[in-house]
Amino acid sequence: MKIVSVVGARPQFVKLAPIAHAAAAAGVKHVIVHTGQHYDAMLSDVFFEDLGIPAPDVHLGVGSGSHGVQTGSMLAALDAVFDEHQPDWVLVYGDTNSTVAAALSAVKLHFPVAHLEAGLRSFNRRMPEEHNRVLTDHAADLLLAPTQVAVDHLAHEGLAERTILVGDVMTDVLFDVRDGLAGAPSVLVEELGLEPEGFYVATIHRAENTDDPERLRAVVEGLAGLDRPVILLAHPRVVAKAAAHGIDLTQGSLHAHAPLAYPDLIAAVQASAGVVTDSGGLQKEAFLLRVPCTTVRTETEWVETIELGWNVLADTAAEIAAGVSRPRPADTDETPYGDGHAAERVIEALTAG
Ligand code: UD1
């Protein structure tokens, strides 16, 4: 049994960690292919080091480009990789250009494809991630859904027979890292001399918020006007777009900071008064750590966080300000994202039969 995992962007390295560990524990041969979509050390190497992921067996080094150029470079390179490795399963993760490229290359070569984090939908057809999810789900042979809501979306699209509910592997890795931290102080809090619970953690990177200068300016001004320091863990995309349009990412309450390694991010979120983000993963991490989240988008795939009160959507500066100052949500014992053992179920599903 040989599984080839294809990853390329930061959230995929987080999801890869528990899969790599579960594959090793089960004695399954696991080949890791890194497309090179993310190449900055703080978006890539640091995750392999901190989360104990073996170094990639293959690195395609595709780098940045328009969607077509980036996805096409991956497609061109992956055919030879799959041909060489002859995988029993190609495992693809989430919703990036690396996901759809690997799924497409593998199905064309008749290698079975499993999609981890299948069935998420924003129903916003302008999001690149939404195209990537829909296309990947319909190409894949096995759909590994993180939540019941995702299972229901797949059933609605006629894909029920290929679907299994495994839980969310991000819960696995988050619980491990949180327990490993055991309340250790946050590096960010110490470095910046912040008051615990006296600041917000922010991330903004989605095309919808960064690519139109007027939109980016409005989001930045909204964050700058908040009532406590806002530490913006600035993705290279937002840094590049802000520089191109002369928008200062350090102004008012807003302080730009380099992205953090995963354990430092978790410690920072735990120490914060709240999270303001457009990241999918961070919405869930905030919920799992029971830190209130305000999501700078018009919709979210992670509707459970909203229904349980731990997340609110905010479009305008006024909505962001209202989101961060809302009363603390009611405690909940609900576990919509599984029990922290999703990766074991994924490996069981791939090795069954
Ligand atoms: C990608 C994913 C998104 C995911 C995000 C997590 C797609 C379509 N989008 O968005 O779903 O939430 O990763 O971070 O796949 N850049 C660097 N260094 C890097 C990587 C990127 O400087 O290591 C810069 C480049 O200028 C690049 C830009 O960031 O053009 C955008 O990178 P790209 O990979 O296209 O998308 P992300 O915004 O990272």
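What volume does the largest pocket have? I looked this up in a predicted model, where local features need pLDDT of at least 70, side-chain atom pairs count only at pLDDT 80 or more, and totals for chains, interfaces and linings use all residues. Residues are numbered from 1 along each chain as its sequence is written, and side-chain values use heavy atoms, with hydrogens and water left out.

Entry on the pocket. I found a volume of about 1200 Å³ for the largest pocket, a pocket being an open set of points on a 1 Å grid over the protein atoms alone, where a 1.4 Å probe fits, with protein on both sides within 12 Å along at least five of seven lines. Its volume is the space filled by probe spheres set on the points. I noted 50 lining residues, with Ala9, Pro11, His38, His205 and His235 nearest the centre; a lining residue has an atom within 4 Å of a point.

Entry on the ligand. I looked up the 19 residues around the ligand, of which Gln37, His38, Tyr39, Asp40 and Asn97 come nearest, where near requires a heavy atom within 4 Å. For polar contacts (pairs of N or O atoms within 3.5 Å), I recorded that a polar side-chain atom of His235 lies 3.0 Å from a ligand oxygen atom, and that a polar backbone atom of Asn97 is 2.8 Å from an oxygen atom of the ligand.

Definitions and conventions
A polar contact is a pair of N or O atoms within 3.5 Å; within protein, one must be able to donate a hydrogen and the other to accept it, and residues adjacent in sequence count only if both atoms are side-chain atoms.
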